[in-house]
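Notebook open, structure loaded. I want to go through the salt bridges and then the strands around them.

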Amino acid sequence: MEQNDMAKRIRELRTQNNMTLEDVANGVGVGKSTVRKWETGIIANMRRDKIAALAQTLHTTPAYLMGWEDNSITPKHIELEPNMTKGEKIKEIRISLGMSQTNFADKIGVSKQTLYKYENDIITNIPSDKIENIAKLGNILPSYLMGWEDTPTTIHTELKPATKRRYKYLGEIACGEPIFANEEYETYMDLDTDIQADFVLKAKGDSMVNARIFDGDIVFIRQQPDVNDGEIAAVIIDDEATLKRVYKYENHISLNAENPIYKPIQVRYDDAKNVKIIGRAIAATIQLK
């Protein structure tokens, strides 16, 4: 990825999120002039911790900023009423994401004029590929957008979208401050999914919302003692469990939230004996009420 491509993505995301240079600077912990230099490409070799913080602030992923993936949107919970028309649902999705008609039209691969006709139900026979694109942006199932079902099931696509399997249930895991951990598998959960996971946890808190993991979500964990840099893991710290994105540095490991109000938990390798990775998060699922 060229340097000016990254600068362009930063600038576009700031605009889409209706943020000022100062808003971004405060979120990342740098000066406003530094953000301006990022957006103009004057500073291109950004530190890894700043890229992670910038991604959180702009509601995207470090991989998108680096040009390693094409999806920039971190879907939010979007409340859609069952009696809405297809066009009204599309418009509500766009507004909830804070996107202009031009940007939203570009994302789904149509012209601004065509999107206008979608939103006002002038065109109702929308091609299936466009329905899929819109549903993906809104983080809902295409069948709900089409009006074929009444409940907007949210699929968390950063992990893996989540017919019946029994999973070991470890209990709650903190998405925020760590909570007491108990690795005894005393209960099971029967879930309507075929995800190949070793056990499940119930998310508690709001620290992972920008990774599309919300309070009350069921998180599917593949048991393993380590994860790759940047992956989300279930981690036990001094007998307390938390769900965080793991980054490895020369002298320490950083457990990062996906919510800018939470500071990273940094542990030096000298103290790493107090930290135990018990698995990698591979999926999450929720039913909106």
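I looked up Asp226 first: it is partly exposed, with a relative accessible area of 40% (buried is under 20%, exposed over 50%, partly exposed in between; 1.4 Å probe, protein chains only). Its side chain meets that of Lys248 in a salt bridge, 3.0 Å from N to O (a side-chain nitrogen of Lys or Arg within 4 Å of a carboxyl oxygen of Asp or Glu). Lys248 lies in strand E8 and Asp226 in the loop between E6 (218-223) and E7, so the pair ties together parts 22 residues apart in sequence. Lys248 is partly exposed too, at 25%.

A note on the source: this is a predicted model, where local features need pLDDT of at least 70, side-chain atom pairs count only at pLDDT 80 or more, and totals for chains, interfaces and linings use all residues. Residues are numbered from 1 along each chain as its sequence is written, and side-chain values use heavy atoms, with hydrogens and water left out.

Next I checked E8 (residues 240-248) itself: seven of its nine residues are buried. Helices (H or I, at least four residues) and strands (E, at least two) are DSSP runs, numbered from the N terminus. E8 pairs antiparallel with E7 (residues 232-237) over six bridges; pairing takes at least two DSSP bridges. On the other pairing I found four bridges to E9 (residues 252-256), also antiparallel, with Lys248 opposite Ile253.

Last, I looked up Arg94 and Glu119: they form a salt bridge at 2.5 Å between the closest N and O atoms, and both are buried.
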